[in-house]
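I opened this notebook to keep track of what I looked up in one structure, entry by entry. The structure itself comes next, and my notes follow it.

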Amino acid sequence: MDPITIPNWQKHRTAELFCPTFRYDVARYLESLGDSAPIRDIQEAYDAGDFDPHAREGLEFFLDFPRDVPQGEWREPCPPFLEHPGRRAFLDDVRRAMDGAEVTALVFPTWTHPPAPLDRGHEEYRGDNSQLIAPSTGMPAVSVPMGFVDGLPAGLQILGRRFDDGLLIQYAYAYEQLTRHRRAPLAFPALGP
């Protein structure tokens with residue numbers, strides 16, 4: 001069904017729904033590894049230079065946030081995911097739209113901008129994938145090849161209801177098998193037998 005209308009779409013798109021918990025979350029994950037953790041904090045990787053140079057700006061951004069203070073206790077608190085009023089409202093509006101349309105998934109282009117050519121990647125980069133719904137709502141999404149535009153690969157994102165990950169994998173697999181849009185990159189050999 002096309003189109004589908006998500007209530008308050010523009011409000012959700014422009015709302016500040018991002019909580020920069022990357023450093024805190026990685027520290028909790030590394031703690032869970034116990035003595036086998038290679039590091040204890042992203043600061044260690046940064047100080048050692050153990051990162052791709054393209055990640056420098058992102059790492060520096062997250063290093064400004066606490067490693068050991070939960071986001072609900074920050075000077076400017078960032079509520080946990082489902083307690084965040086803006087994220088909760090967005091999730092409720094997407095579910096309401098899906099319920100009204102009686103659909104189990106939403107399908108849309110993976111990218112909102114074409115990929116930048118490698119030689120102008122830094123200057124022309126406009127995002128890596130569709131981060132319009134899934135990250136802010138906590139809904140699962142999967143991307144599959146859907147063909148080519150001007151010689152560049154284009155992707156299709158399939159977004160489902162929370163905890164319907166298995167159903168999304170079924171949809172993605174069926175779509176890939178029926179369309180066979182994926183073409184192996186010319187610069188790399190085929191994988192496996």
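I began at Glu102, which I found in the loop between H5 and E1, where helices (H or I, at least four residues) and strands (E, at least two) are DSSP runs numbered from the N terminus. Before going further I noted that this is a predicted model, in which local features need pLDDT of at least 70 and side-chain atom pairs count only at pLDDT 80 or more, while totals for chains, interfaces and linings use all residues. I also noted that residues are numbered from 1 along each chain as its sequence is written, and that side-chain values use heavy atoms, with hydrogens and water left out.

Glu102 has a positive phi of about 55° although it is not a glycine. I wrote this down because most residues other than glycine have a negative phi. Glu102 counts as exposed at 73% relative accessibility, on a scale where buried means under 20% relative accessible area, exposed over 50% and partly exposed in between (1.4 Å probe, protein chains only). I then looked up Arg180, a residue other than glycine whose phi is also positive, near 50°. Arg180 lies in the segment after helix H8 (165–179) and counts as exposed, at 58% relative accessibility.

Next I turned to the chain as a whole. How many helices and strands does the secondary structure come to? I counted eight helices and three strands, and read along the sequence they follow the pattern α-α-α-α-α-β-α-α-β-β-α. The C-alpha trace spans about 45 × 45 × 35 Å along its principal axes, and of the 193 residues of the chain 29% count as buried. Taking contact to mean heavy atoms within 4.5 Å, I noted that residues 24 or more positions apart account for 61% of the contacts with a separation of 6 or more.

For charge, I used the convention that Lys and Arg count as positive and Asp and Glu as negative, with His and the chain ends not counted. The place of a charge is taken as NZ of Lys, CZ of Arg, CG of Asp or CD of Glu. On that basis the chain has 19 positive and 29 negative side chains, and the centres of the two sets lie 4 Å apart.

I went on to the interior, looking for nonpolar cores, each a set of buried Ala, Val, Leu, Ile, Met, Phe, Trp, Tyr and Cys residues joined through side-chain atoms within 4.5 Å. The largest has 15 residues, and those with the most contacts inside it are Ile6, Val94, Leu106, Ile133, Met139 and Leu159. Helix H5 (85–101) and strand E1 (105–109) are the elements that give two or more residues to this core, and H5 supplies its largest share, six residues. A second, separate core of eight residues includes Leu30, Ala37, Leu59 and Phe62.

Ala97 sits in helix H5 and counts as buried at 8% relative accessibility. Although Ala97 and Ile6 are 91 residues apart along the chain, their C-alpha atoms are separated by 5.3 Å. With neighbours within four places again set aside, Ala97 is in contact with Ile4, Thr5, Ile6 and Pro7.

Beyond four places in sequence, Thr137 touches Phe81, Phe90, Leu91, Val94 and Arg162.

My last entry concerns His84, found in the loop between helix H4 (56–63) and H5 and buried, with a relative accessible area of 10%. A polar atom of the His84 side chain lies 3.2 Å from the backbone nitrogen of Gly86. Not counting residues up to four places away in sequence, His84 touches Glu16, Leu17, Cys19 and Pro79.

Terms used: A polar contact is a pair of N or O atoms within 3.5 Å; within protein, one must be able to donate a hydrogen and the other to accept it, and residues adjacent in sequence count only if both atoms are side-chain atoms.
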